[in-house]
Amino acid sequence: MNMAGKIEDGGLVEFLRAVTTLGSSGRLEIQSGDKEAQIILRGGRVVAAITNETPRLGEILTESGAITERELNGVLAIQKRKKVRQPLGMILVQLGVLGSDRLEPHLQDLRVRAVKEILSWEEGRYDFNTEEESDIWGRDPGGLRLDEIL
């Protein structure tokens, strides 16, 4: 299922509330001029959110001292070689570089920053595509409820 709208029509926040309340899963793509973003929902929870203006996870982790530049570069090289792209955080946990308990607060910070940035945009368009549930996020949807972000 595909649903679309314009930010300037005032419907993005309401649309996001509706799909999260319904427990929807899918990819919300948003564009505003040269700004682009994606919000990934699973079971109505924001499991990933990023814009082309928010810091990347690797940047956040190195700035906070959670990982070193050397560790980041090593994991990025591994990520690049994989046939199927895996999220950086997943690889960090799989390799034991960072425990999931230390990673999750950084992921939550990234989600909150991105969603707040997106919701500050005054014009543009959005497109929501429901998707088959992907194993990339595991069985537990994790993520944040919209009310935890706002």
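Gln79 sits in helix α3, residues 69–81. Helices (H or I, at least four residues) and strands (E, at least two) are DSSP runs, numbered from the N terminus. This is a predicted model: local features need pLDDT of at least 70, side-chain atom pairs count only at pLDDT 80 or more, and totals for chains, interfaces and linings use all residues. Residues are numbered from 1 along each chain as its sequence is written, and side-chain values use heavy atoms, with hydrogens and water left out.

- Gln79 counts as buried because its relative accessibility is 12%. Buried means under 20% relative accessible area, exposed over 50%, and partly exposed in between (1.4 Å probe, protein chains only).
- Neighbours within four places in sequence aside, Gln79 is in contact with Arg85, Gln86, Pro87, Leu88 and Ile91. Contact means heavy atoms within 4.5 Å.

**Helix α2**

- Helix α2 covers residues 57–64, and its buried residues are Leu57, Gly58, Ile60, Leu61 and Thr62.
- Those buried residues pack against α3, α4 (88–94) and α5.
- An α-helix has 3.6 residues a turn, so residues three or four places apart point the same way.
- Ile60 belongs to α2. Ile60 has a relative accessible area of 6%, so this residue is buried.
- With neighbours within four places in sequence set aside, Ile60 touches Pro55, His106, Asp109, Leu110 and Arg113.
- Ile60 and Val19 are 41 residues apart along the chain, and 29 Å separates their C-alpha atoms.
- Gly65 follows α2 and has a positive phi, near 85°.

**The sheet**

- Five strands form an open sheet in the order β1-β5-β2-β3-β4, with antiparallel pairing. Two strands pair if DSSP finds at least two bridges between them.
- β1 (2–6) and β4 (45–51) are the edge strands, and each pairs on one side only.
- From one strand to the next, the twist averages 15°.
- In a regular strand the side chains alternate between the two faces of the sheet.

**Strand pairs and turns**

- β1 pairs with β5 (residues 125–130) over five bridges, in the antiparallel sense. Gly5 has Tyr126 in β5 as its bridge partner.
- β2 and β3 run antiparallel and are joined by seven bridges. Leu28 is opposite Ile39 in β3.
- The β2 and β3 hairpin has two residues between the strands, and Gly33 takes a positive phi near 60° there.
- β3 and β4 pair through six bridges, again antiparallel. Ile40 is opposite Ala48 in β4.
- The β3 and β4 hairpin also has two residues between its strands, and Gly43 in the turn has a positive phi of about 60°.

**Helix α5 on the sheet**

- Helix α5 (residues 100–119) lies across β2 (26–32), β3 (35–42) and β4, at about 70° to β4. Axes are lines fitted to C-alpha atoms, for helices over the stretch in contact, and angles run from 0 to 180 degrees between N-to-C directions.

**Second largest pocket**

- The second largest pocket has a volume of about 180 Å³. On a 1 Å grid over the protein atoms alone, a pocket is an open set of points where a 1.4 Å probe fits, with protein on both sides within 12 Å along at least five of seven lines; lining residues have an atom within 4 Å of a point. Grid points are joined across faces, edges and corners, and a volume is the space filled by probe spheres set on the points.
- Among the lining residues are Glu29, Gln31, Glu36, Gln38, Arg56, Arg125 and Asp127.
- β2, β3, β4 and β5 each give two or more residues to this lining.
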